[in-house]
Amino acid sequence: MDVIRLLDIRDSALSVDEVLAAVGDHAAGGTTVFVGTVREQDHGKPVTSLSYSAHPSALDELRRVAEKIATDFPVTALAAVHRVGDLRLGDVAVVVAVATPHRGEAFEASRRLIDDLKSQVPIWKNQLFTDGSSEWVGACE
């Protein structure tokens with residue numbers, strides 16, 4: 001689909017500017033960007049770092065999710081990039097952006113894109129806590 005401008009899973013730092021530029025479109029009246037970052041705690045436990053791993057099929061699944069969003073909403077442009085590997089507090093883990101003719105549609109499509117990415121694309125995170133413990137969290141929840 002030509003509205004899907006950028007999809008990737010990378011082991012290097014992500015650029016919000018790159019994702020925003022990818023969805024630039026004169027037909028869009030609304031563009032939303034979601035940036036997911038590594039936070040300092042989860043479930044009340046202090047986090048020191050985390051590591052993301054992706055199944056070899058993850059990019060294909062990300063494409064399937066993106067195509068469904070583009071079918072269900074009047075998307076003029078869409079982009080999604082997820083990072084794998086070791087990340088520190090504050091690092092950008094995922095960036096999604098959607099452009100549509102109107103702002104409401106952009107918000108709805110963007111929300112569904114990140115929610116479906118988290119629930120359907122096989123990417124897992126291993127969180128390391130300050131007490132030395134760790135926890136695996138599956139993206140396909």
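Student: Hey, where is histidine 43?

Tutor: Histidine 43 sits in the loop between strand 3 (41-42) and strand 4. Keep in mind that this is a predicted model.

Student: Is histidine 43 buried or exposed, and why?

Tutor: Histidine 43 counts as exposed because its relative accessibility is 68%, and the cut-off for exposed is over 50%.

Student: What about its phi, what value does histidine 43 have?

Tutor: The phi of histidine 43 is positive, about 55 degrees, although histidine 43 is not a glycine.

Student: OK, on to salt bridges. How many does the structure hold?

Tutor: There are 11 salt bridges in the structure.

Student: Which residue does lysine 45 form a salt bridge with?

Tutor: Its partner is aspartate 131, and the closest N and O atoms are 3.8 Å apart. That pair links distant parts of the chain: lysine 45 belongs to strand 4, aspartate 131 to the loop between strand 8 and strand 9 (134-138), and they are 86 residues apart.

Student: And are those two buried or exposed?

Tutor: Lysine 45 is partly exposed, at a relative accessible area of 31%. Aspartate 131 is exposed, with 55%.

Student: Which residue meets arginine 83 in a salt bridge?

Tutor: Aspartate 91 does, through the side chains, at 4.0 Å from N to O. Arginine 83 is buried, and aspartate 91 is buried too.

Student: What about arginine 112, which side chain does it meet?

Tutor: The side chain of aspartate 116, in a salt bridge of 3.1 Å from N to O. Both residues are in helix 3, and because they are four residues apart there, about one helical turn separates them.

Student: How accessible is arginine 112, and how accessible is aspartate 116?

Tutor: Arginine 112 has 25% relative accessibility, so it counts as partly exposed. Aspartate 116 has a relative accessible area of 14%, so it is buried, since buried means under 20%.

Student: Which residues are linked with them in a network of salt bridges?

Tutor: The network links Lys68, Asp72, Arg112 and Asp116.

Student: Changing topic: what's the volume of the largest pocket?

Tutor: About 210 Å³.

Student: How many residues line it, and which lie nearest its centre?

Tutor: The largest pocket has 14 lining residues, and Gly36, Thr37, Arg39, Tyr52 and Lys118 lie nearest its centre.

Student: Which elements supply at least two residues of that lining?

Tutor: Strand 2, strand 4 (45-54), strand 7 (92-100), helix 3 (103-120) and strand 8 (123-129) each supply at least two.

Student: And how does the lining split by class?

Tutor: Eight of the lining residues are nonpolar, three are polar and three are charged.

Student: You mentioned strand 4. Is leucine 50 buried or exposed?

Tutor: Leucine 50, which has its place in strand 4, is buried, with a relative accessible area of 5%. Leucine 50 and arginine 88 are 38 residues apart in sequence, and their C-alpha atoms are 6.6 Å apart in space.

Student: Now the surface. Which residues make the nonpolar patch?

Tutor: Leu20, Val33 and Val35 make a nonpolar surface patch of about 200 Å². Valine 33 is in strand 2 (residues 30-37), and it is partly exposed at a relative accessible area of 34%.

Student: What else can you tell me about strand 2, say threonine 31?

Tutor: Threonine 31 is found in strand 2 and is partly exposed, with a relative accessible area of 40%. From threonine 31 to serine 53 is 22 residues in sequence and 29 Å in space, C-alpha to C-alpha.

Conventions: Residues numbered from 1 in each chain as written. Predicted model: local features only at pLDDT ≥ 70, side-chain atom pairs only at ≥ 80, totals over all residues. Heavy atoms only, no water. Patch = residues over 30% accessible without salt bridge, like charges linked within 9 Å, V, L, I, M, F, W, Y side chains within 5 Å. Areas by Shrake-Rupley, 256 points an atom, 1.4 Å probe, with all protein chains shown as cover. Buried < 20%, exposed > 50% of the residue type's maximum accessible area, 1.4 Å probe, protein only. 1 Å grid on protein atoms, 1.4 Å probe; cavity = no way out; pocket = protein on both sides within 12 Å on 5 of 7 lines; lining within 4 Å. Points joined across faces, edges and corners; volume = space filled by probe spheres on them. Nonpolar A, V, L, I, M, F, W, Y, C, P; charged D, E, K, R; others polar.
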